[in-house]
Amino acid sequence: MRYTDYLLPTLKETPADAEVVSHRLMLRAGMIRKVAAGIYNYLPLGLRSLRKVEQIVREEMNRAGAHEVLMPMVVPAELWQESGRWQQYGRELLRFKDRKEADFCLGPTHEEVITDIVRHEVRSYRQVPLNLFQIQTKFRDEIRPRFGLMRGREFIMKDAYSFDLDDAGADAAYERMYQAYRRIFQRCGLNFRAVEADTGNIGGSSSHEFMVLAESGEDAIVSCDSCEYAANVEKAELRAPAGATPEPAEGLTKVLTPARKTVEEVAAFLKTSPHRLVKTLIVRTDKGETLAVLLRGDRELNDIKLCRLLDCAWVEMAGEEVVLQATGAPSGFAGPVGLKLRIIADREVQGLADFITGANEKDAHFTGVNHGRDFQAEAFADLRKAVAGDACPRCDGQLQIWRGIEVGHVFKLGTKYSEALNAVVLDDQGRERVLVMGCYGIGIGRTLASAIEQNHDADGIIWPLPIAPFEVLVMMLNPNDAEVKAAAEQLYAELLGEGVEVLLDDRDERPGAKFKDADLLGIPLRVTVGARGLKDGQVELKERAGGAVAMLAAVTAAADIAERVRGARGR
RNA sequence: CGGGGCGUAGCGCAGCCUGGUAGCGCACCUGCUUCGGGAGCAGGGGGUCGAAGGUUCAAAUCCUUUCGCCCCGACCA
């Protein structure tokens, strides 16, 4: 491709509304442009990389035995009503009516549609296992789109769905997809971890997220420093505390704590540390219940764990009025002693004695509080958020905390959708069997953005070659110098002849501007053709990653470079 | 949806408080010079100041409403 024929609008300055590095660099490198919040144009350069990620995904899906289909983006309401999600999914589902006033939505995910295909076309156990996938534009009306392609409302997703006769088959399909995902993200040059995850509103029995490690990630994950255990913090299990509950040594004593409301304030006032306190959170559930949750003073509640325990959709911290009504005191002074609410405690609290809690009275706390003696907790459960240094639940190691970007998620769905939509086959006994499903998603654009988050420097992008928009950039330093022009043109033609994807910078720009753009675009190999090198019959080859420079004989440069490129493609 | 912020040329911004000729840098066009890390000189084009209403002799500037966008939170493959 000739730069002068191409639409490649690079920006010297960063658009003000771009916060994360991948968003900034994609805008500056002329890959994407915003149309509306969370909705983007892909310009030619951006599309080239996007297609490369798609192609890697496609190849690995095919390798794993999945077959590509394409489903519509516009989906009739009936299918979603049949699964029950028309009501459940919430405002993220963009709904609208056609001219006949019939309800439709833009598909945010396609379990219903794929299951509809399968229930119509698959009638026999001989037709499974079956795994179908598509690479398609999704729409989710996100509450808060942000970070460019990282969290768009419209985005491109690979979604695959497996159908098996039984759980063993479904487990095998899940494992094949899991391995395919590992290959995909390796080929994209990403540093990632597969972690255990919560299934959220997709449902199903278990799932893994594929997390790209990056500071800008919106998720926190834990991983063990000595075994393979890794999980989203939402999901991370904690090892049950060891040791028996100590015997109470102190009596219950009320102390005045004027205007000391937070754990830190109370601890400082009583000259002790936060972990000697037990905090009492008053929470409300989506079912309208108000209850108290006890946690060690320096811990944080993991509300996903609490929801799983209570079997509810969400919990929230109760407002000031509810707290006042439930405890008889303003917030900051709640405690379990004498409290007329259901009390659930983190199991860490079980191992504590003689702790400090609120007294359910303004400006007062209790010291020497002990469970069993001074109050009864209905249950002790794993409710707190994991922190760095916690014991691994699987081995003797310690947990570390990372930030991660979720680029893929695989789910064991079970029969949630196949049952709702009646996707059944006859087995070899002639009996009806409900198909067991799995679903598997990859955010294509998010994967691309993640690659930039992990591969850049102060000057611009540093593409891993397999997803680079071009493999080689040939810089014609001065197009007005006939010799330079001829040599660069010849190298360009030879590289094309070798099957290399090459961008020829034939612009009549000053060298400085061209070098800056080259660094910004991040094409892995840069060949500079200039008068200085040609004097000795040489061109300069520079690797964008690492910056290694080599002088090559102009006559054999194309073959040398093509060889390097083929070695780096990793198909 | 709660809290905060911003809408002035393609991009980055000043002007607004204290109403009175719409500006700067980059980008873009023309010419000359220059050419291995974002050139110099000269000339030039481009704006309903997000929108609507109001106050005023006069509104980018003051007031009201509204739309859009960004950040934090809640939420979320």
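**The surface near the strand**

Analyst: At least two residues of the surface near RNA strand B come from each of β1 (32–36), β8 (154–164), β21 (399–414), β24 (436–443), α14 (511–521), β29 (525–529), α15 (531–534) and β30 (538–543). Here, near means that a heavy atom of the residue lies within 4 Å of the strand; helices (H or I, at least four residues) and strands (E, at least two) are DSSP runs numbered from the N terminus. The model is predicted: local features need pLDDT of at least 70 and side-chain atom pairs pLDDT 80 or more, while totals for chains, interfaces and linings use all residues. Residues are numbered from 1 along each chain as written, chains are lettered from A and ligands numbered from 1 in written order, and side-chain values use heavy atoms, without hydrogens and water.

Among the elements of this surface, α14 gives the largest share, seven residues. In total, 46 residues surround RNA strand B, the closest being Arg140, Phe155, Glu406, His409 and Asp519. Of the atoms of RNA strand B that come within 4 Å of the protein, 49% belong to sugar and phosphate. The surface has 21 charged residues (Asp, Glu, Lys and Arg), 14 nonpolar ones (Ala, Val, Leu, Ile, Met, Phe, Trp, Tyr, Cys and Pro) and 11 polar ones (the others, Gly among them).

Some individual atom pairs can be located. An N or O atom in the side chain of Arg28 is 3.3 Å from a base oxygen of RNA strand B, and a polar side-chain atom of Asn480 lies 3.3 Å from a base nitrogen. Ala513 places a backbone N or O atom 3.4 Å from a sugar or linking oxygen of RNA strand B.

Rings of Phe, Tyr and Trp (its six-membered ring) pair if their centres lie within 6.5 Å; planes under 30 degrees apart count as stacked, over 60 as edge-to-face and the rest as tilted. There are 11 aromatic pairs by this rule. One of them, Tyr174 with Tyr440, is tilted, with 6.4 Å between centres and 50 degrees between planes. Tyr174 lies in helix α6 (residues 167–187) and Tyr440 in strand β24, so this pair ties together parts 266 residues apart in sequence. Both Tyr174 and Tyr440 are buried, where buried means under 20% relative accessible area, exposed over 50% and partly exposed in between (1.4 Å probe, protein chains only).

Methods
A polar contact is a pair of N or O atoms within 3.5 Å; within protein, one must be able to donate a hydrogen and the other to accept it, and residues adjacent in sequence count only if both atoms are side-chain atoms.
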